[in-house]
Amino acid sequence: MSMLPAAVTGPRRLLKRVRDVMAGPGTAEERLGKIVTIIAADMVAEVCSVYVMRAGEVLELFATCGLAAEAVHLTRLRVGEGIVGDVAAHARPLNLRDAQSHPNFAYRPETGEEIYHSMIGVPVLRGGRIIGVLAVQNRTERLYTDDEQEALENVAMVLAEMVAGGELVSRDELVQTDGIALLPLRLSGARLAPGIGKGIAVLHEPRIVIDRMVAEDPDEELARLREAMHGLQSHLDKMLEAVEGINHGAGEEPGDILEAYRMIAQDTGWLNRITEAVHTGLTAEAAVQKVHDDTRARMAQITDPYLRERLHDLEDLANRLLQHLSGQFQSPAFGDLPDEIILVARNIGPAELLDYDHTRLRGLALEEGSHTSHVAIVARALDIPVLGGVKGVLDRVETGDPLIVDADNAQLFVRPGEDVRAVIEGALLARAERKMLYAQMRDLPARTTDDVDISLNVNAGLLIDVPHVAESGADGIGLYRTEIPFMVRSAMPDIEDQTKLYNRIFEQAEGRPVVFRTLDVGGDKLLPYWQDMVEENPAMGWRSIRITLDRPAVLIHQLRALIRAAHDRDLYVMFPMIAEVAEFDAAKALLDRQLAREAERGFVPRRVDVGAMLEVPALFWQAQALLERVDFLSVGTNDLLQFMFAADRGNPRLEGRYDTLSPGVFAFMRQLVLLCDEKKVRLTICGEMAGRPLEAMALIGLGIRRLSMAPASVGPVKEMVRSMGAGSVQDYVLTLMNSPARTLRSRLKAFAIDHGVKL
Ligand code: PEP
Ligand code: MG
C-alpha cells in the first residue's frame, strides 16, 4: 500500500479515469469528448477543450465541454495565434487570470467563449514536438494552482498517445509537424565531407517510445526508477573508469563530460522532480519524459551556448535513463534499418559509424562535428556526405523523416517538398551517370592526348578504402594515413596488431605499391588516448614527426610492424611534416636501425624506399641536401599552403582569400619539379588540390607526373587527363608564371574550355 498524502490522490485518480476512457469503447472522437467532460468535472471548470495540430501549422478544436458544440472542427488557430496558438508556439503552459486582457487573445464568436475569463493551456507534446493543446477555462478570474497545472500536463501526456495513435488525424499529417516550425524545413550546417545523399532519418540514439503512461502502483514505479538510476550510475562509473584508463593525463575532455553527467545524475533536484511526477500517477518512464519535456520547453528560449550544451547533456542522460527503464540499449545499427539511411547524431565516433552497414549510409547530419573530426575523415574515405554543426537537428528530426543531405551546399532538407526532391533527384542521377562513365574508364590509362602517362594514386586510411584502389583504376596508394587506424581505437595498437593490419593492407592492395606515412598526429588529429596536448597554435605545435622523434618508442614500434608486414614485399615509408633535413636524418636512422634489427629476426623487405612529405616551406630551402637522401618526395599541399600563406586551413574567414592556383604556388611547384627531375627523385602531390581536375591540369602543366587523391576523385581526374595535352597546357602555364594576379583560376578555366579539357 502506498503512503501518499491525500492531495496527490486526486491527480492520480483523474489520470486513471482518463486512461480507462482511452482504453474503453467508442470512436476516438467520442472518447475524447468523454475525456474533456471528465477533466472539466474534476477541475471544477466550465470549459475543457482539446486542440489538435493539423498540417499547415493549424490547431483545430477537436473536442470541447463548455464551448459551443458547433465550433468543433470549425475553430482553427494558427501557431502563434490566440492563447492556444501561443502555448503551441512556445511549447509551454500559459496560466492566465484574465485571458481576454492578454495581448494575444483572439476572439472566436462561434465558440461563445466571451463569458469565460480565466484560462490555462498546456502543450500536448510527443518526442519534444507539439502535437496539440489542452485548455481549461472558468468564468471567474482565478489563477490555476501548480497542482492543477501538473495534473493537466500529466493528462496531456496521456492524450499525446491518443493523438499520435493516428485515429484523430492521420499519422502522415502528424509526421508533417515539426515542433514549432512545421512542414518542410531547411537547416544549414558545414560541409565536412562532400556529396549529396537522400534517405530516411535514423537517429543514432533513438528516442524511446513509451507505451505505458499511467502507473498502477506508484511504489512499484519508484522501485523501478531506483533500480534504473542505480544501473545508470554504475554505467557512467564504468565509462568514466574506461576513459581514465586510456587517457594520459587528468582532466581530459571525455572524462569532463562524463563527470558532468554523473553530477547531473546525482542531482537531487532532477531526481526529486521525476519522483514527484511518479507520485502524481505516471509510470517511471512517463515521469522521466515529462520532466525532460518541461526542461526542454523552459530551456528552448535560452541562447547561452554553455547552458544549451547542458541541455544536451540532460537530453542524453534522460535518454540513457529511459534505456535503463526499458531495457532497450542496442545501437540502431543492429536493428531493422531502411535501405537508404541518413544518420542523425549529436556526434558519433568512427567506430560507431562503422557499426552501420556502410553500403546503406547515404549521409550523415551531425549537431556537432568538425571538419577534422575523426568521423568526417572516415566518412570522406567512404564517400559519404557529411554535414556538421547542424544546429537543432536533433530537436527537429524524427526517425522516419525523409531527409536530403546536400553537403556540397551545406544544407539539410527535412521532409523536402516535391520541388527540392526533383532538383536533388536530377543531381543524383547526373552523379550516378558520371560514376558509370568513370567505371568504364577504369582500365584505360591516365594518358594525355600527347601520350604523357600520369600516375594516379589514392589516399587511404582504412582497410575498407583499399578495395577502392582496384575499383578506381588507380596505380596504388600514394598516401596511407596510418594515424586513422590509431584514431578509431580506444588504445594504442601494439606491434602485433599493427603488423596484422599492415599485412592486410598489403594483401588487399594486391601488389600495388602502398606508401605508408608514419604516424601524423597532433594538431587537429588527436588520439583518444593522447589528449594532454592543449596548445595555443596546434597547427604549428608539437605534432607529427616532432612527436614521434620526441617519443621514439611509438615510431620504433610502428617501423618494426611495417618491416615485418613488408617481409618479401616492397616497403615505401614516408615521414610527415619534415621541416629540416636533420629531422629526416634522425627518422631515417631510426628506420635503418629497425631494418637491421628485424633482418636478424628474418624479416627482410624486398625493397625499401624512404621519402619525406614536403609540408613545411623551410624544407624547400634545403632541397639539394634533401634530394640526395630521399627516394621520393610527396607534397602535402593542405599543410604546405597554410604555412606558405600563413592562413589557417580551418578558418572559414580565410576561405577563398588565397587561391592555390596563384603565381606564387606555381613558381614554388615549378622549381621543385626542376630540382626533382635533375636529381631523378619521384615527386607526388598528395594534398586535396591533386584531386580537383582544374588544379590537377595546372599541376601537370607545371611538370608533375604523379598525383594522389581521394578514391572518388580518380574518375574525374582521369577523364580530365585523357582530354588534355600536357605540352599545350605546359606552354600556357609557363606564360602565367610572372603574372601579378592573385588567382589564375579563371584564365585556366577559359583555357580548358577552349581546348576541350573535360573538367
Ligand atoms: C597534407 O597536409 O596535404 C596532407 C596530405 O596531409 P594531411 O591532410 O593528412 O595533413
Ligand atoms: Mg599534412
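Glu615 is buried, with a relative accessible area of 2%, where buried means under 20%, exposed over 50% and partly exposed in between, for a 1.4 Å probe and protein chains only. Asp639 is likewise buried, at 4%. The model is predicted, so local features need pLDDT of at least 70 and side-chain atom pairs pLDDT 80 or more, whereas totals for chains, interfaces and linings use all residues. Residues are numbered from 1 along each chain as its sequence is written, chains are lettered from A and ligands numbered from 1 in the order written, and side-chain values use heavy atoms, without hydrogens and water.

Helices (H or I, at least four residues) and strands (E, at least two) are DSSP runs, numbered from the N terminus.

**Aromatic pairs**

Rings of Phe, Tyr and Trp (its six-membered ring) pair if their centres lie within 6.5 Å; planes under 30 degrees apart count as stacked, over 60 as edge-to-face and the rest as tilted. By this rule there are 9 aromatic pairs. Two of these pairs are set out below.

| Pair | Centre distance | Plane angle | Class |
|---|---|---|---|
| Phe620 and Phe668 | 4.5 Å | 35 degrees | tilted |
| Phe645 and Tyr658 | 4.9 Å | 10 degrees | stacked |

Phe620, in the loop between S19 and H21, is 48 residues from Phe668, which belongs to helix H23 (residues 663-679). Both Phe620 and Phe668 are buried. Phe645 and Tyr658 lie in the loop between H22 and H23, 13 residues apart. Phe645 is partly exposed at 25% relative accessibility, and Tyr658 is partly exposed at 40%. One aromatic cluster is formed by Tyr480, Tyr502, Phe506 and Phe516.

**Helix packing**

Helix H2 (residues 28-42) packs against helix H4 (residues 146-164) at about 175 degrees, with the axes 12 Å apart. Contact, meaning heavy atoms within 4.5 Å, involves residues including Leu32 and Ile35 of H2 and Val155 and Leu159 of H4.

Note on methods. Axes are lines fitted to C-alpha atoms, for helices over the stretch in contact, and angles run from 0 to 180 degrees between N-to-C directions.
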